Every structure is written in structure tokens, then in C-alpha cells.
Amino acid sequence: MGSKALLSLRDLRLEHPRAGVLLDGVSLTLERGQILGVVGESGSGKSLTGLSVLGLHPAGRLTGTMMFDGQDLTHFTAREWQGFRGRRAAMIFQDPMSAFLPVRRIGAQIEEQIRLHLPLSRREARARVVSLLGRMGVPSPERTAERYPHELSGGLRQRAMIAMALSCDPELLIADEPTTALDVTVQAQILVLLREIGARDASVMLITHDMGVVAQSCTHVAVLYAGVVIESGPVEAILKTPLHPYTQALLRAIPPLSGPRPDRLPVIEGAPPAPNARPSGCVFAPRCASVEARCQMRPVFRSRGNHQVACVLYA
Amino acid sequence: MKGFLSRLGQMLLVLFGISVLVFAVFFATPGSDPSARIAGRGASPEVVARVRHAYGFDRALPVRYLTMMDHLFISRNLTSYVNHGQNVVEEVFDAAPVTLSLVAFAAIFWVAGALVFGLLGAAWQGSLLDRLISILALVGLSMPVFWLGEMVNLVSQSRFHETWLFRWVPPLGYVPFTTDPVSWAKGLILPAMTLSVAFIGLYSRVLRTDLLTAMQDDSLRTARAKGAGPWRLWFAHALRLSGLSALSLFGLDFAQLLGGGALLTEVVFALPGVGHLTYQGLSTLDLPLIMATVLYAAFFVVIANALIDGLYRLLDPRIGRGSHGQ
Amino acid sequence: MTMLLQANELARTYTVGSGGKLRAVDDVSLALARGEALALVGESGCGKSTLGRLLMGFDRPDRGQVIFEGQDLATLSTKAMRVLRGRLQMVFQDSGSAFNPRWTIGQALAEPFRIHKRPWSRQSLTALLERVGLSPAFYDRYPAALSGGQRQRLNIARAIALAPQLIVADEPVSALDVSVQAQIINLLRDLQADLDLACLFISHDLAVVRQIADRMAVMYLGGIVEEGETLSVLAVPFHPYTRALVDAVPQPGKPLGAPLQGDVPSPLSPPPGCRFHTRCPIAQPRCAAERPALIHVGDGRKVACHYPLAS
């Protein structure tokens, strides 16, 4: 496990001609062997961040750098992207039902990806599909490979999706809300699987809205708000001593499952700003309880202990 | 098996309904009394009465209906009111291969044309090419097929027939495949192209829209994330997804044409097909002929529906099989 | 205590495509007191939404009865049912599609009054908006101007417009972000207390249920497996399925436990005996043969298990 970062985004910005500034300064680092949780509310840009790493973001002006294993992804050509996607970095999506092509067998769809990238015969690819499905905990993998997506349960579909993503031994797995569409007991199974993958197969970027999921499955976390990474660091450190007022409020707003039941949940008043109406200063300032004059200026994202945080309180 | 039986029942019901409707409408049409027509112009009332009795037109309508159905389906010797002694069942069966040949040829042109123009329009969405194709499609859609057919005839049969471009065009009419396959094909190329123009216009637009919708589908995003290139995206993924909705449209149009919907083309190019027969029956108010052609058409539409359903089941595994997904 | 809503041995079976029988709700009895908040909890396909529809009278049970304020819903005429609708309201998960985009928010709010021929005024409607924490300035605007959380507030405003006695809320906050979710949970609790409103929450999220409901019933494959006071059930679950659900909730500061294996069996062919025995970590031979009844185990708790935990 080298200390050199596998993926490093520096001040990534994505400006869409109509929708506005979708990403407004995303900086994060993912080292080999880490599971990085990218957490944020809807519209925070967390999914877009994941899509950008594969060059699948909507058309728009993308600035900043995206370094992957020493290469700058922002300069990739269409051909380079094709060889990169699915081979070096792969992605799984929220709804495994719609993410698979409904009219082809699961096995054939996984095989397609293998044959796109690896010089294997059909038979070899087939064997690889079966062994992959088995490794992902799919019961009777030979038979499952012959099934259509709609014939599988949600949990099995997501396992098959993960098998497809890992089929060419990528170095990075991007998982975009992989458990949101699943039942809680199945979600727990998939999270355990992702943790095993992080320890064994690939570095993982886990995109989620759920701090609980991050707390249980990730080693590191980056918190996004309105297109900006406002805090990042090791999971235990962030959960124990969240620095940014938004992270603090977000953690407080989760209803507890044990201990005394609060009469009222602490809330963050208001709603996140729309992409075309972001404040020029700190993006969280309009909802922040500790807002002050200095918040008119966009705070710098700087290290503090093992955290990185963008807030004037820690300047 | 259960599905097959219910289909069969459904088909019989449709055929029964249509035949009753045609029958009822015919006898409710003023001036349609077949006795007077059969007896001839200026025949005396006694002659007309004799004809009426001989043909059984003085019996109750339901009896007449049943007699006609008996002649049509069981003894298969229903004869025309206009050309005495002509067996309409045989006529329809003689005309069917002509129509089938024409429509099959047209379908090849129209599917190929729709694929080419649909894919080009979708892949270069919003470009000059896309706009040009959409204008052409509109032109194709709005050109009346009889006018287009006449123009094609004018150009290929008389005006430029002697040029290198049209020297191969045979005279109007139909040569059976069994007589001479080459002449059969030559004779059908221009009529089929004429017939397919409007369909290419319609289907290329439908396919373009469906393809663009499919490109937005989640599964296409997955395909991109897998590292699939543009060819694979369009052909293996988008076309596979969008072909399904175009298929049901195609099935209905195809059946409709087989059943006589290519009437105008057949008339313009003097092809003795089912449409031509329908035209003839309608213009002479010949009930047996009308009945035979209409039921033949209905039969095809029902059959085609069943075929398309079967094909759909084959192409879209989500339909028809037991599933335990949501 | 007279119950506001009572369900006696409800059963609802659907016939699906190829003649299969789907037992969505299988012999469920439930009671809801005035002003009480009850949560129906379970994973997809457990029958909680079907049960919600049966209780609302949107769907008729094959067996059993639903009694609202002493009246059997099955015996009511269409007209009487319509009158009853004013006292029984529903809040759905997807608040976005619940409004006609061409009506102003004021028009949308006036609709229940129009339908039930009750008087309303601009003042009463703006008061309603303020009651759910929306600015009266929204009155003349369109639903498109609202954020997800605000739309859910409007949904709630519409549900409480006619001062109902019962609200059935199907996953009312699951489409919302955490920070907004907390606002709506607080709002629902306030309204419930202020208006003495009985609420039936249908939810899969135990943390939300804990915050919002006095009592909860856990469903698995069409039947209730455990019922009781929310805090007590979540602190000490008796049924192994409830235990597994609690363990599976991802929460900060709580390690990820060993998850339940496998998937929920298809409701088309539920396992014999205890429905849960195929996934149960402590199943015994008896569980495969004999279906446990939902029995009282004291302290207002009920459980359907041959070998309940912690007892």
C-alpha cells in the first residue's frame, strides 16, 4: 500500500451552460486500499463527482485537475476514456434494475465488459463471469449468469453489478448510492461485501447521503455541500470531532436509534442553494448558525490536524 | 396452449364482428340491392323478383348471412354478384401472393431506410444532416402515394424509359415468381420503393426519437461506464432497447398492408393484389368480394398481432414469463 | 378505551399473472387509539402498504373487517365512504407528483374544501400554510416554486385541511435529505400533539419510526411478527427479525453487525411454519412446521415467535 494517492481531485469545477455551477471546488484524495465515503445531500454534486472521474459528467466546462495514478484525466481523449472506463476504474449505480440492459442475460452483460478489455476467449470470459459471481456471494453462479436482470432479487442484482464492475480488476470502484434502493437487511449484506472489496480488491469511492453508511463502511470521508467539499478526513476523526458547522449539524440531524428520544430533532433551517444561485462566499453561510462577516469570502480548504476543512473558524 | 386457444377465440370473435358489420352496412346502403344489379339495367320487376328469389335475397337477413358464411368458409364457392360464376375465394387466394411480394419488398426498403436515417439523425442530433433528414422525412410522409406512383410511372415508363437508368424497368403488371424470378423482382422494385417512401419517413423519425430516449437510459450509462465505444453503444445497446417499440408499430403496419392497405400502389402499378380486389369490389358494390377481402384483411391483422406478441416475448424477456422481480 | 380504527383478522390475496396467489396481508389484527401514532415497519413486499390501503378503505379485504369509529367500512355506502374520507387522510412519499402543476398552491389547498363542500377563505388557507411552516407568500405561487421539503409540508397541509382524525403517511420522509427530514419529522410530531391526530406511519426506517411513533408493528411476509411500544421494541426486540432489522440500521458509532443472510422469500410461495424460519439465525425444527401466533408477552408487547429473544 503505497502512500501515493490513487486518485486526487484538486479544485474540480463543472460549469453547465444552463444549470449553472454544478461542482464548485471539489478537492479530495483517495489512497490505495482506502474506502472513501463521499457524502452529501441531493444536489450537492456527489454523484457528479463520481461520474466526472469516469468522464461521464454532462457536457460543460470542467476545470481543475483529476490525477489518477499520475495521469491527468482531464486531458483524456475519447479513446483513452474507453480504455480507462471499466478497466482501471469501474462504477456501480443506485438502481441495479435499470442499470442493467433489461433484455440481455446477466452473464452476457458481464462477459461483454470482460471482452471489451481483456484478450480472453468466450469460454474463458464465461468461466471468469461464473467465478466472479461466486466470489460476490451469488448462490449457484452458473444458473444466475443465465438469468435476466428482472428475474433476480434486488440484492442479487446489485451483487451481479459489483461482479461486473470488478470483472477487469479495476484499481478503483466507484459506488453511487449502491444500497439506497435496497431493503435494510440486504443493504447490510452489500455494505459488508463492499468493505471486503475495499480490503482485498480495489480502492472504493462510496457515494452516499447516509452518514450511517459512511460510519460503518468507510475509512475516510469527504463531505460535500452545494458542489464544494467542505470537510474531509478519516471517518473516526470526523465522527468524533466534526469541525465544519455543516458536518456538525448533519450528524446531529440523524434521529438516534438508542438512548433518550429527543423531543425535537435539531434541524438545519432552510434548504441548500440551487446551482445557479450559489453564494460567492462560503456556500453554507446562509444556513450557518456561526456565520460572521468573514464568511463573505470563500474560505480556503486547509489542513487542520488530520482533517481538512473549509471554514473561517479554523483559518 | 391456453394462450393459443384464447387467441383463437379472440380471432373468431373479431372475424365474426367484422363480417356482421360489413353485412349490415352493405344492406343498409341505399341503392345496394343486389337483385336489381344482377338482373341488369331496365329489367322488369318480375325478373328482379325472380333473381331475388333465386339468390335468396327474400329470406331473413340472419339466414342470408349464414348462407354467405357457409359459402365463404365451408363450401368455399361464394361467387361474385357482378362477374357471374367467379369464385371470390379463389380470387383472393390468387391475389394474396402478389400483395405479399409487394409488401415484403417494401418492408425491406422501409426497415433499411428507417435504420439508416434514424441512426444518422440520432447520432448527429441537431446537426445540419439531422435537419435535412427530418425535412426529407416530412416530404416523404406528405407525398400522396398515388401521385408519387404516377410520377414514378411517368418517369420510368415513358419519359426516361430509354435512358440507361430506367431501361431495365419492365412494363406495368405482375410476373409470378414461379414463372420468372428475375422479372418478378424487377417488376416489384419501383412499386415497393414507392410504397415504402412514406413509411421510411415515419419510421426514421420514430426510431430517431426512440434511440435518443434509449441513449438517456440508465443501462446506457452503465454501458459507457463499462468502456463501450460509440458503435457498441448505438447498435448493441440503444438499438436493442428502442427496436422493441418500433417493432409493434411495424407489425401492425405490415399486417394492414398485407390485408389490402397497399390498395393505391397496387392500382397505380396495375398489380392484381388484394388491395386491387378490394377496390374492384367497392367500386362495383360486390358484396361477396368485399366480404372476402375484408375478412382476409382482418385475419391478417389478428395473425400479425399474435406474431408480434410472440416476437416481443422472444426479444423482451420481461414479458410473459413468471418473474419474481418487482 | 374505544379504538379509533380497528382491523380484525384482515386478509388480502392478489391473483397475479400466471394464476399465482400472492398473500399480501395474511390474518392481521391491529388497533389504533385516538391521537396515537403507530408505525408499520417492514421491508419491501411485507404487505405494509397493502395493509395501509385496506385500512384506508381504498381496497377491500377478502376476509376480516376494518372498523373506523364503530362503523364497518365494508358496510358503508359510497356516499358515506366519501364523507368518511374527510376524516381519514393520506400523505404519500413522492410529494412531487401529488400536485397539479397548473394550480396555484392556494387552489391546491382549497380543493379538499371544494370536494367536501366545506367553507374556506383565503385567511383560513394561509393560516394552514403557516401551520405547516410555509410562508403565506406561497399562496399565489405554483408547486414548482417549492423545494422537496416544502412540497411535503404542503402535502401535510392538504392532509390536515379538513381536520381529520387519522392520517396515514406512507414513507413520508424517505425521499428527503437528512437535514430536511428532521424538519418534517418535527412538524409531524407537533401536529400530532396539537391536533390530537392519530397517525399511521408506513416506513422502513427504524430511526425515523423511533422518533415519530408511540407504537410500532413489524411485518414480515404479510403478517405482524412483533408489536409494542416503539422505544421498548427497539431497545429489546423479542423477535429475531426485529433484532436483525435493528442491527442492520447503519448508524454512526455502531459497528456493522453480521447481516441476515439471503433475501425475503417470494410472497407467492411463502415458507411453511414461521415465515421467517428460512433466514432466522436461531430457527429450530419446530419453526418449519408450526406457525407461531402473535401472543401477548406482557408490558403491551406482542410477539409471534416460538423462541422469543430476551425472555
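Colleague: What share of the 311 residues of chain C count as buried?

Modeller: In this predicted model, 47% of the residues of chain C count as buried. For chain B, 31% of its 326 residues count as buried.

Colleague: What is chain C built from, in helices and strands?

Modeller: Chain C has 10 helices and 12 strands.

Colleague: How many helices and strands does chain B have?

Modeller: Chain B has 13 helices and zero strands. Its pattern along the sequence is α-α-α-α-α-α-α-α-α-α-α-α-α, and its C-alpha trace spans about 85 × 65 × 35 Å along the principal axes.

Colleague: Which residues of chain B does UniProt list for "domain: ABC transmembrane type-1"?

Modeller: The unreviewed UniProt entry lists residues 96–308 of chain B under that name. In the model, this span is 81% helix and 0% strand, and its end C-alpha atoms lie 21 Å apart.

Colleague: What percentage of the chain B contacts between residues at least 6 apart in sequence join residues at least 24 apart?

Modeller: For chain B that figure is 68%. In chain C, residues 24 or more positions apart account for 64% of the contacts with a separation of 6 or more. A contact here means C-beta atoms within 7 Å.

Methods:
Residues are numbered from 1 along each chain as its sequence is written. Chains are lettered from A and ligands numbered from 1 in the order in which they are written. This is a predicted model: local features need pLDDT of at least 70, side-chain atom pairs count only at pLDDT 80 or more; totals for chains, interfaces and linings use all residues. Helices (H or I, at least four residues) and strands (E, at least two) are DSSP runs, numbered from the N terminus. A residue is buried if 20 or more other C-beta atoms lie within 10 Å of its own, exposed if 12 or fewer, and partly exposed in between; C-beta atoms are placed from the backbone. Two residues are in contact if their C-beta atoms, placed from the backbone, lie within 7 Å. UniProt positions are given in the numbering used here, feature names are shortened, and annotations may be inferred rather than shown by experiment.
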